[in-house]
Amino acid sequence: VVAETSQRASHAPQRIAIDSLNRLAYLLPEGGLAVEQGTFGLGDGDRLSLFSWRGVWSATSKERIVDIAVVGGDLYLASVTGRIVALRSSTLVDRTELSPAGDAEHGGGPSFEEHILYERPQGETEPLRSVSVAGTYLAWATALTVELGNSNGSDALTEIQHLVTPEYLRGVVGSGTAEIIDMKMTPDGTAFFLLVWDSVQEALAMYRCDLLIGAVSARAHSQQLRYSWSTRDLRMAMTSFQVFVHSGARIWAVPLELGSDSSPKLLYDPDAKTQLSALGYFFVKGVDCKVSEWRSMGACSRTCGGGIMREMREILRDAASGGRRCPVELEREVNCNDQLCPIDCQATPWAKQGHCSRTCGGGVVVETRQILKVPQHGG
């Protein structure tokens, strides 16, 4: 989903989060003062239509939202002050009571019940930059750190893990002038990706780091993409098969497993001066091919003893949007009438055994015959 900036730059979304199951889209407009929810549908040419907008969250300028994420229908919000809030799907999918979007201008505050998961410890001032959710893992990043918690929030049994420390970041990048621009976990929660900007080199690099629970972060294995960008204004959108990187004008695709020959693939580079403001990923189930049942094209070649009959089927609906493809086999030969053929009894002609008992007036003569073949299989 690519959102182009609207005529009102202040309303252009800086983040998009998609709930594919419930067909809901969440937009975080530039400025981070509100989060809006809309339903979506897919039309001809895979064109996305968004409608029925309402506001689900609003904030003051001091508590502005910097990133959003959706997993399992739950919406996660990260504010610049370090607070991470969850809005549960049970209330988000209920659209019986629509509230107007953009409530921030009326004083701020949530439109739905909030669940505060984490708040920045007193004394810490580094603002949050991104949040990511994978299963029960909840990760958030500042310019120099990445921490991991639980998507249900903090409790006595949940310890916050320090995935990236300033020391680890310097060791990976090899520079003390690096800062994290964006962070996203893979959907399976086994790794996370970083976009890191080096102000001295004026280069943005991508790193893939293993997510090791309970391990010292400095020992976690990391891989660097052998490619860099010359701007820091890039963001990531994670999927289950690759990670997308986008600027205000281009979109690249990067494999989840980085190798020595991995490089970003340019997917979108329009000729027109289109300004991209946000990018998100959603899944729409494709349309499977539909075929008729097999039907015979004639009688079996034999009535018994095993014959062959031709059958055919036809395509009723072609596959679309990644659905299951149509089978190649539309005609086939199948065995038929496999039952054994009946064998009738066979006997010799009658043969006289002697002479007639009388020469006239009616007598009796004995005749016999022999069975040559006994009946089988219903003969």
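Which backbone nitrogen lies 3.2 Å from a polar atom of the side chain of Ser247? I looked this up before anything else. It belongs to Ala249. I keep in mind that the model is predicted.

**Entry: Ser247**

I placed Ser247 in the loop between strand 19 (242–246) and strand 20 (251–255). Is Ser247 buried or exposed? I noted 13% relative accessibility, so Ser247 counts as buried. I then listed its contacts, leaving aside neighbours within four places in sequence. They are Asp233, Leu234, Trp252 and Leu276.

**Entry: Arg23**

I found Arg23 in the loop between strand 2 (13–19) and strand 3 (24–29). Its relative accessibility is 32%, so I wrote it down as partly exposed. Which residues does Arg23 touch, not counting those up to four places away in sequence? I got Gly38, Thr39, Phe40, Gly41, Leu42 and Val284.

**Entry: disulfides**

How many disulfides are there? I counted three.

I took Cys289 and Cys326 to begin with. Their sulfur atoms are 2.0 Å apart. The S-S torsion is about 100 degrees, so this disulfide is right-handed. Cys289 sits in the loop between strand 22 (276–279) and strand 23 (290–291), and Cys326 in the loop between strand 26 (315–317) and strand 27 (331–336), so the bond ties together parts 37 residues apart in sequence. I have Cys289 as buried at 15% relative accessibility, and Cys326 as partly exposed at 23%.

I turned to Cys300 and Cys336. The S to S distance is 1.8 Å. With a torsion of about 85 degrees, the disulfide is right-handed. It links distant parts of the chain, 36 residues apart: Cys300 in the loop between strand 24 (295–296) and strand 25 (307–312), Cys336 in strand 27. Cys336 is buried, at 7%.

I went on to Cys304 and Cys341, whose sulfur atoms lie 1.8 Å apart. The torsion is about 105 degrees, so I noted a right-handed disulfide. Cys304 is in the loop between strand 24 and strand 25, and Cys341 is in the loop between strand 27 and strand 28 (346–347), 37 residues away. Cys304 is buried at 12%. Cys341 is partly exposed at 26%.

I numbered the bonded cysteines in sequence order. The pairing reads 1-4, 2-5, 3-6.

**Entry: other cysteines**

Cys356 is partly exposed, at 43% relative accessibility. I also checked Cys209, which is buried at 1%.

Key
Residues are numbered from 1 along each chain as its sequence is written. This is a predicted model: local features need pLDDT of at least 70, side-chain atom pairs count only at pLDDT 80 or more; totals for chains, interfaces and linings use all residues. Side-chain values use heavy atoms; hydrogens and water are left out. Helices (H or I, at least four residues) and strands (E, at least two) are DSSP runs, numbered from the N terminus. Buried means under 20% relative accessible area, exposed over 50%, partly exposed in between (1.4 Å probe, protein chains only). A polar contact is a pair of N or O atoms within 3.5 Å; within protein, one must be able to donate a hydrogen and the other to accept it, and residues adjacent in sequence count only if both atoms are side-chain atoms. Contact means heavy atoms within 4.5 Å. A disulfide is a pair of cysteine sulfur atoms within 2.5 Å.
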